[in-house]
Amino acid sequence: MTQVADYVLQRLSEWGVQRVYGYPGDGINGLLGAFDRADGDPEFIQARHEEMAAFMACGHAKFTGEVGCCVATSGPGAVHLLNGLYDAKLDHQPVVAVVGQQKRLSLGTHYQQEIALDQLFADVSEYCQMVVHPGQARHVIDRAFKTALTTRGVATIIIPNDIQEEEAQPSPPREHGSVFSSVGWSRPRVLPDLDELRKAADVLNAGNKVAMLVGQGAANAEAEVMEVAELLGAGVAKALLGREVLPDDLPYVTGPIGLLGSKASDNMIKGCDTLLMVGSSFPYSEWLPEEGQARGVEIDIDGRMIGIRYPMDAHLVGDSRETLRALIPMLQRKEDRGWRVKIEKDVGEWHDLCDRWAGEHFGKTINPQAVAAELSPRLPDDVILTADSGSGTNWWARHLLLRDGMRASLSGTLATMGPGTPYAIAARFAYPERPVIAFIGDGAFQMNGMNEMITVKRYLDRLSGSAPLIFCVFNNQDLNQVTWEQRAMAGDPKYPGSQDIPDVPYAAYAELLGLKGIVCADPKKVGSAWDEALAADRPVVLEFKVDAEIAPIPPHIMKDQGKKAIKAALHDPELTGIATKGVRQKLTEYAEHLPGRGRK
């Protein structure tokens with residue numbers, strides 16, 4: 001007898017799913033038996049925690065463009081999925097979650113591990129449905145995938161454990177109420193209104209100082225973004241989720257924007273008279289032009305998000321690539337390239353400043369900026385980069401210069417701790433021949449990343465190889481990003497009771513598991529540590545002992561934040577260090593204006 005659980009996995013396979021990330025529990029016993037009988041098609045990948053499984057599914061979706069899939073048991077297992085699923089929801093990634101439930105007979109009785117799963121998943125899901133009849137499984141699965149792909153969101157399938165073990169009905173009985181669905185979906189061409197395109201072209205053609213801001217929605221429009229930037233003489237800033245849209249070696253790419261951004265991006269935004277946003281929902285208005293400063297054009301495939309970050313003159317609801325292709329013939333090349341020349345000068349000065357910031361160490365502790373700066377020229381071709389949420393994200397954003405073909409992502413909108421490690425593991429499963437490097441703070445690594453090293457151990461034969469897999473851990477024994485936020489946003493000194501974390505031997509832990517562990521505590525050996533890690537024949541935990549007192553200096557300091565930071569510093573336990581190092585870093589910044597300074 002073919003059980004419903006067997007049919008579910010068969011249907012997932014027909015939808016192209018090769019791996020399902022999850023953790024076992026008796027609420028999915030039927031599915032676990034089906035995975036065994038499926039003989040790897042699809043394959044069950046055992047994470048250490050359901051949250052990590054959901055992050056892996058999201059990471060798979062981000063790096064492949066396919067639907068990511070995860071599975072969890074009823075009750076607590078289902079609850080554990082939520083953070084990873086919200087990461088997918090907020091970053092617009094197609095993920096399907098398959099969740100167990102208590103048998104139908106017991107529902108409504110306050111039974112053990114009985115949770116109202118349809119209510120629990122209602123907000124995170126674009127589609128959430130419980131299968132209560134074997135003949136229903138087919139169309140519920142099909143609609144879940146079609147919905148996840150169409151909305152670029154989460155769909156949840158709930159299957160009671162007694163249904164899992166019933167006889168499958170791949171073709172429902174031909175009677176009133178039965179539905180006969182099919183596997184298949186195609187990406188639509190979404191184009192904006194022609195009159196709105198003309199209006200957008202008029203705005204862009206009239207502008208003298210055009211700034212572009214691109215996000216992950218422009219990921220498949222690299223050539224079109226480059227052509228528009230060339231026609232308009234514009235510079236291009238990149239939201240963090242849009243890091244891979246354009247390579248950083250283009251002279252007009254100003255890099256990141258916002259609190260973690262570059263001075264080149266900040267200068268461009270403050271000086272522009274026209275803003276073109278492409279596929280980005282960058283939310284921080286303080287880093288966008290002042291209202292009334294610039295005219296605006298925005299391209300977004302989601303009409304709900306158009307024109308809600310900055311007042312726009314033209315609202316182009318459509319696919320970025322298709323819209324830009326339709327717009328390009330209407331654009332006039334700007335012959336005055338003075339604006340572009342200034343942008344390229346600012347970009348060069350910014351890269352030079354980053355080099356000088358990274359090159360300055362204080363005593364015997366490693367400047368964390370140097371960790372990223374030393375890696376940047378060593379980045380292997382076709383590398384996939386992930387980052388967790390923390391102060392290390394600043395250095396990942398600013399000092400790693402992506403070349404064409406490199407991939408990069410992180411938790412953009414949710415900005416949660418935890419996904420850097422599972423994203424990297426999912427990327428390696430999807431692309432076993434590509435190098436993968438994750439940047440992780442010690443806080444995130446202690447929170448859940450260390451446990452996933454056990455997952456790496458379990459699949460060591462699959463995750464090892466000629467291409468490196470490196471988990472770079474910034475060990476500063478401080479929840480550093482929040483520490484700086486306390487100072488700058490709340491005006492409070494560091495509170496060691498909440499911010500200090502234990503010093504853990506991360507590299508030694510990796511060695512215990514059979515991975516390679518490398519510790520670097522010498523500022524002079526950062527580059528050689530990277531060389532050793534990149535040459536390793538198995539996954540590596542590369543632990544850098546870094547200075548917690550190096551501030552992630554924003555492109556410009558807001559007056560209110562400056563006052564709060566000064567107030568906090570007066571009573572901060574690390575006053576001497578942050579004052580000395582902060583002054584030195586700012587003096588390094590001002591030195592860019594001295595004669596003879598420039599990027600070599």
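**Close-up views of a predicted model**

**View 1. Helix H3 passes helix H15 in a right-handed crossing.** Right-handed here means that the near helix is turned clockwise from the far one by less than a right angle. Helices (H or I, at least four residues) and strands (E, at least two) are DSSP runs, numbered from the N terminus. The axes, lines fitted to C-alpha atoms over the stretch in contact, with angles from 0 to 180 degrees between N-to-C directions, come within 8 Å and cross at roughly 55 degrees.

Residues are numbered from 1 along each chain as its sequence is written, and side-chain values use heavy atoms, leaving out hydrogens and water.

**View 2. Here is a cis peptide bond, from aspartate 41 to proline 42.** Its omega is near 0 degrees. Look for proline 42 in the loop between helix H2 (29-38) and strand S2 (43-46).

**View 3. Histidine 92 has a positive phi of about 60 degrees, although it is not a glycine.** Histidine 92 sits in the loop between helix H4 (76-90) and strand S4 (95-101). At 27% relative accessibility, histidine 92 counts as partly exposed, between buried (under 20% relative accessible area) and exposed (over 50%), with a 1.4 Å probe and protein chains only.

Note on methods: Predicted model: local features only at pLDDT ≥ 70, side-chain atom pairs only at ≥ 80, totals over all residues.
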